[in-house]
Amino acid sequence: FNTLPHPMSTGFSIFLANAALPRYAATLKEGLDKFKVNTYQFLRVVILISAALLILVLFSKKLIIFAVGSEYLAADRSFKILLLGVVFVLLNLPFSTALIAAGWEKAVLKQAIASALLNVGLNFYLIPKWGMEGASLSFVYAEALAVIWVVWLYRKKITANISPLKI
């Protein structure tokens, strides 16, 4: 149960990225301003979805009982922590998708590798101390790093109009 939101968020991320990437690529040809508008429209949708997910925190115990049964109520705190991590995953999407559409996939890959390494490293430290809450926190910290990094990259590469595709 501890990893339930992560595979769901990954599948959702893949769906959104596959739907958004062709649109980004098309608007890139229309100019940088249109490209940025699409990024921020995508971000608005993600913020709405994230707000809905955070509301689930209020009903987490009922949701756990409904989905997997009351014997998993001990995972409630981890579930709440993981929902925050899913918000970070979603916030990453508009910026990483835009960077990939603009030809900066290697930069996004470096960010993803760094985030994964942080997650694994923190797991070695936090799981022995805090168990499933430690694993959940590792995920949140790694995804927070990912979103900070990708927003920084977006501002540096796209906002500064520096692109391998010569935007």
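Reader: Which residue forms a salt bridge with D76?

Author: This is a predicted model, in which local features need pLDDT of at least 70 and side-chain atom pairs count only at pLDDT 80 or more, while totals for chains, interfaces and linings use all residues. Residues are numbered from 1 along each chain as its sequence is written, and side-chain values use heavy atoms, with hydrogens and water left out. The structure holds one salt bridge, a term for a side-chain nitrogen of Lys or Arg within 4 Å of a carboxyl oxygen of Asp or Glu. Its closest N and O atoms are 3.2 Å apart, and the partner of D76 is K80.

Reader: Is D76 buried or exposed?

Author: Buried means under 20% relative accessible area, exposed over 50% and partly exposed in between, with a 1.4 Å probe and protein chains only. K80 has 31% and is partly exposed. D76 has a relative accessible area of 7%, so D76 is buried.

Reader: How are α3 and α4 oriented to each other?

Author: Helices here are DSSP runs (H or I, at least four residues), numbered from the N terminus. Axes are lines fitted to C-alpha atoms over the stretch in contact, and angles run from 0 to 180 degrees between N-to-C directions. Helix α3 (residues 60-68) packs against α4 at about 110°, the axes being 10 Å apart. Since angles of 65 to 115 degrees count as roughly perpendicular, α3 and α4 are therefore roughly perpendicular.

Reader: Which residues of α4 make the contact with α3?

Author: Contact means heavy atoms within 4.5 Å. On the α3 side stand S60, K61, L63 and I64, and on the α4 side D76, F79 and K80.

Notes. Helices (H or I, at least four residues) and strands (E, at least two) are DSSP runs, numbered from the N terminus. Angles under 35 degrees count as roughly parallel, over 145 as roughly antiparallel, 65 to 115 as roughly perpendicular and the rest as oblique.
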